[in-house]
Every structure is written in structure tokens, then in C-alpha cells.
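Q: Please take a close look at the salt bridges here and at the parts of the chain that they join.

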Amino acid sequence: MTVPRLGDVIEVGEQDYMYGTGQLTLRITCTGDRVRVGDDEWLHLEGLTLRADGTQLGQSPRPALVRMRAVRIASPSRSS
């Protein structure tokens with residue numbers, strides 16, 4: 001199970017974060033509590049939303065509750 005750290009860029013699919021609308025790519029600015037929902041472990045995160053090309057979408061961090069087993073750390077070239 002991948003546990004994201006501050007500064008990591010993560011990618012999760014629409015079905016793997018609460019109230020998802022499309023793939024989510026975040027540069028992590030804050031990690032929070034883990035919670036169990038059904039049979040899955042979820043993690044509260046906050047981060048800056050990134051576009052597919054890696055550029056930042058906005059200035060304000062957004063909260064996200066993500067399914068732990070689905071979190072993927074982006075390649076190093078995407079996280080710089």
C-alpha cells in the first residue's frame with residue numbers, strides 16, 4: 001500500500017476518491033487521518049490540483065478522501 005508524503009504527486013481514478021469527477025492528480029500539501037469505509041481504507045489528503053501536463057490548476061489546495069489501495073505516486077518527471 002502506497003502512503004503518500006508531503007510533496008508527492010499522486011494520481012487516483014474517478015472511482016477511487018470521494019465524489020470524484022475524472023482522474024485526480026494532486027501535489028500533496030497535507031496528510032490527514034485514515035478512515036475505514038466498508039472493506040477499504042481511505043486517507044484524507046489536501047493538495048494542489050495538477051493538469052495532465054503537470055501544470056498547477058489553481059492556487060488553493062483542495063481536500064480529497066482517497067482509497068489507499070488505489071493511490072499511485074506519479075513518475076519523478078511529473079512531480080518536479
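A: What follows describes the sheet briefly and then its salt bridges. This is a predicted model, in which local features need pLDDT of at least 70 and side-chain atom pairs count only at pLDDT 80 or more, while totals for chains, interfaces and linings use all residues. Residues are numbered from 1 along each chain as its sequence is written, and side-chain values use heavy atoms, with hydrogens and water left out.

An open sheet of 5 strands runs in the order β4-β3-β2-β1-β5 with antiparallel pairing, where strands are DSSP E runs of at least two residues, numbered from the N terminus, and two strands pair if DSSP finds at least two bridges between them. Its edge strands, each pairing on one side only, are β4 (62–67) and β5 (72–73). Strand β3 (residues 40–49) pairs with β4 over 6 bridges, and Leu45 stands opposite Ala64 in β4.

Counting a side-chain nitrogen of Lys or Arg within 4 Å of a carboxyl oxygen of Asp or Glu as a salt bridge, the total is 4. Among them, Arg67 bridges to Asp16, with the closest N and O atoms 2.8 Å apart; Arg67 lies in strand β4 and Asp16 in the loop between β1 (9–12) and β2 (24–37), so the pair ties together parts that are 51 residues apart in sequence. Arg67 is buried at 13% relative accessible area, as is Asp16 at 11% (buried is under 20%, exposed over 50%, partly exposed in between, with a 1.4 Å probe and protein chains only). The side chains of Asp40 and Arg69 also meet in a salt bridge, 2.8 Å from N to O, which links strand β3 to the loop between β4 and β5, 29 residues apart. Here Asp40 is buried at 15%, whereas Arg69 is exposed at 53%. Asp16, Asp40, Arg67 and Arg69 are linked in a network of salt bridges.

Notes
Helix = DSSP H or I, 4+ residues; strand = E, 2+ residues; numbered from the N terminus.
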